[in-house]
Amino acid sequence: MNEYREEIDHICDNMKVGECAAISIGNFEKAYPCGFPSIYKTHEQAFLSSKIGSSFGAWHVEYFHEQGQVRILRCKEGGKRVYVDPDREHLFKRMPDGSLERV
C-alpha cells in the first residue's frame, strides 16, 4: 500500500455518515491506480472496490476538476446494490432507478 492510499484510508476510516473529504486529484489517482494490469477502468472503481459498503451506496466519489479535487462522501447504505466490481458487471443489469439487479 502506498503512502497516499494510507492517508486517504485513514481519513475515510474516521468519517461518519454525512461527512465529506476533499482530496487532491493527483493524490487520489496515485492512491487508487487503474488500467493495466488491474481490472479497474477508473480511479473511482479502484476506490469503491476497496471500501466496505460501497456496493450499497455507502461511499460516493465526485470529481471537481476546476478545484483540482476529488470529494469523497460517506453516505448511508441503502437497500439496493448500486456498485459492483468490473469483473462482475456482466452478472448484473442496471435498472431505471440506478440500482443493479442480478440477471
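**Figure 1. Pro37 and the loop between α2 and α3.** In this predicted model, Pro37 is located in the loop that lies between α2 and α3. The peptide bond joining Phe36 and Pro37 is cis, with an omega of about 10°. Helices (H or I, at least four residues) and strands (E, at least two) are DSSP runs, numbered from the N terminus. Residues are numbered from 1 along each chain as its sequence is written. Because the model is predicted, local features need pLDDT of at least 70 and side-chain atom pairs count only at pLDDT 80 or more, while totals for chains, interfaces and linings use all residues; side-chain values use heavy atoms, with hydrogens and water left out.

**Figure 2. Helix α3 and its cover.** Helix α3 comprises residues 43-50, and its buried residues are His43, Gln45, Ala46, Phe47 and Leu48. Here, buried means under 20% relative accessible area, exposed means over 50%, and partly exposed lies in between (1.4 Å probe, protein chains only). The cover over the buried residues of α3 includes α1 (3-13), α2 (25-31), β2 and β3 (69-74).

**Figure 3. Surroundings of Gln45.** Gln45 is a residue of helix α3. Its relative accessible area is 12%, so Gln45 is buried. When residues up to four places away in sequence are not counted, Gln45 touches Tyr40, Tyr83, Pro86 and Glu89. Contact is defined as heavy atoms within 4.5 Å.

**Figure 4. Tyr63 in strand β2.** Strand β2 covers residues 59-64 and contains Tyr63. Tyr63 has 27% relative accessibility and therefore counts as partly exposed. Leaving aside neighbours within four places in sequence, Tyr63 is in contact with Ile25, Phe28, Glu29, His43, Gln69 and Val70. Glu3 is 60 residues from Tyr63 along the chain, and the C-alpha atoms of the two are separated by 21 Å.

**Figure 5. Cysteines without a disulfide.** The structure holds zero disulfides, a disulfide being a pair of cysteine sulfur atoms within 2.5 Å. Cys12 is in no disulfide, and the nearest cysteine sulfur, that of Cys20, is 10 Å away. Cys12 counts as buried because its relative accessibility is 3%. For Cys20, the closest cysteine sulfur is in Cys75, at 9.4 Å, which is too far for a bond. Cys20 is partly exposed, its relative accessible area being 45%.

**Figure 6. The whole chain.** The protein has three helices and five strands, and from the N terminus on the elements run α-β-α-α-β-β-β-β. Its C-alpha trace spans about 40 × 35 × 25 Å along the principal axes. Of the 103 residues, 31% are buried. Among contacts between residues at least 6 apart in sequence, 46% join residues at least 24 apart.

**Figure 7. Surface and charge.** The accessible surface of the protein is about 6600 Å², and carbon and sulfur atoms account for 52% of that area. Accessible areas come from the Shrake-Rupley method with a 1.4 Å probe; for residues, only the protein chains shown count as cover. There are 14 positive and 16 negative side chains, with the centres of the two sets 6 Å apart. Lys and Arg count as positive and Asp and Glu as negative, while His and the chain ends are not counted. The place of a charge is taken as NZ of Lys, CZ of Arg, CG of Asp or CD of Glu.
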